Amino acid sequence: MEKITSELNNVKTVAIAGHIRPDGDCVGACMGLYLYLKENYPEIETDVYLEEPKEGFSFLSGFREIKTVYDESKKYDVFFVLDTSVKNRIGVALAGYESAGRTICIDHHISNKGFGDKNVIRPQVSSASELVYTLLEEDKVTKPVAEALYMGIIHDTGVFQYSCTTPETMRIGAKLMEMGIDFSKIVDKTFYEKSYVQNQVLGRCLMESIMVLDGKCIVGSVKKKDMDFYGVEGSDLDGIVSQLRLTKGVEVAIFIYETETQTFKVSLRSNGKVDVSKVAVFFGGGGHTRAAGCDLHGSMYDVINNITAEIERQLTEEDNA
């Protein structure tokens with residue numbers, strides 16, 4: 001697919017959806033494409049589905065139009081799935097995907113094997129938002145679209161500091177900035193700003209973190225009872241794993257939080273030696289070489305032992321190479 005336009009001939013209805021627990025890139029990509037279609041193809045009925053996106057993203061145009069519950073009576077001509085590596089991670093609109101006339105998967109996860117009728121999967125691209133931009137006609141990208149896509153790019157590149165950032169990423173970022181967006185406010189409000197309670201949880205997690213594998217791996221965790229005590233949800237824990245990764249001497253950071261009794265969400269970040277996407281895929285998850293995640297069941301100790309065993313295997317192979 002060269003451009004999205006080629007997929008819209010004789011199309012009357014379109015749905016756009018991302019993955020469960022949508023992060024900044026997922027929301028940015030979905031909203032960027034949604035706004036682009038609404039502005040340039042008003043004759044097409046377009047809906048966007050996301051699972052309870054964070055209120056911090058509410059500055060985006062069209063945010064209140066996001067649907068969090070799928071209307072079972074609807075059937076779409078085309079269904080775009082963005083930033084989603086496997087079908088079972090489609091959020092609230094999986095039923096809509098299953099009944100759609102045609103499905104298109106647009107993603108940048110190296111673990112994505114392609115599950116749509118058409119797949120645009122480019123692991124070398126920094127983010128789903130950058131990928132979406134390349135599929136749009138530049139002269140039709142407006143300021144609201146630029147705000148959404150810029151937000152998505154900064155979230156998956158860590159404000160252009162992660163290794164996934166390329167010269168092309170920077171060039172696209174510059175083009176979006178030229179649209180007159182308040183880029184510094186977008187960075188501060190959606191990436192760096194934390195509430196007092198979020199800072200408390202971050203501080204507690206850092207204080208209680210442990211070093212394993214001879215200091216090459218750091219593990220931080222938050223239990224469900226503690227999340228309930230502080231009144232936080234999974235979306236409030238963004239950034240903790242990235243902070244853990246910055247610990248001197250660490251090759252892999254692991255952050256675990258309990259979603260329900262003996263069910264855990266695991267986030268992994270690598271400094272280069274370990275391909276954490278392979279670790280995540282082994283446990284049914286996915287992601288990138290340096291950033292990945294999965295869901296695991298069992299006790300906290302089971303989860304830590306299982307994950308670190310796979311990391312240790314890769315480290316041992318690296319040392320023996």
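## The second largest pocket

Seventeen residues, written 17 in the count, line the second largest pocket, and Glu208, Ser221, Val222, Lys223 and Met300 lie nearest its centre. The space in the second largest pocket is about 360 Å³. By class, its lining has nine nonpolar, four polar and four charged residues.

A pocket here is an open set of points on a 1 Å grid over the protein atoms alone, where a 1.4 Å probe fits, with protein on both sides within 12 Å along at least five of seven lines; lining residues have an atom within 4 Å of a point. Nonpolar covers Ala, Val, Leu, Ile, Met, Phe, Trp, Tyr, Cys and Pro; charged covers Asp, Glu, Lys and Arg; the others, Gly among them, are polar.

## Basis of the model

This is a predicted model, in which local features need pLDDT of at least 70 and side-chain atom pairs pLDDT 80 or more, while totals for chains, interfaces and linings use all residues. Residues are numbered from 1 along each chain as its sequence is written, and side-chain values use heavy atoms, without hydrogens or water.

## α1 against α4

Helix α1 (residues 24–40) packs on α4 at an angle of about 160°, with the axes 7 Å apart. The two are therefore roughly antiparallel (angles over 145 degrees, on a scale from 0 to 180). α1 passes α4 in a left-handed crossing.

From α1, the contact (heavy atoms within 4.5 Å) includes Gly24, Asp25, Val27 and Leu35. From α4, it includes Pro144, Val145, His155 and Asp156. The contact of α1 with α4 has 10 nonpolar, five polar and three charged residues.

## α4 against α5

Helix α5 (residues 167–177) packs with α4 at about 145°, with axes 9 Å apart. Their crossing is left-handed. α4 brings Ala146, Leu149, Tyr150, Ile153 and Thr157; α5 brings Thr169, Ile172, Gly173, Leu176 and Met177. Seven of these residues are nonpolar, three are polar and none is charged.

## α4 against α6

Helix α4 (residues 143–157) meets helix α6 (residues 183–192) at an angle of about 55°, with axes 10 Å apart. The crossing of α4 and α6 is right-handed.

Glu147, Tyr150, Met151, Ile154 and His155 of α4 touch Phe183, Ile186, Val187, Thr190 and Phe191 of α6. By class, this contact has seven nonpolar, two polar and one charged residues.

Methods:
Helix = DSSP H or I, 4+ residues; strand = E, 2+ residues; numbered from the N terminus. Left-handed = near helix turned anticlockwise from the far one by under 90°. Points joined across faces, edges and corners; volume = space filled by probe spheres on them. Parallel < 35°, antiparallel > 145°, perpendicular 65-115°, else oblique.
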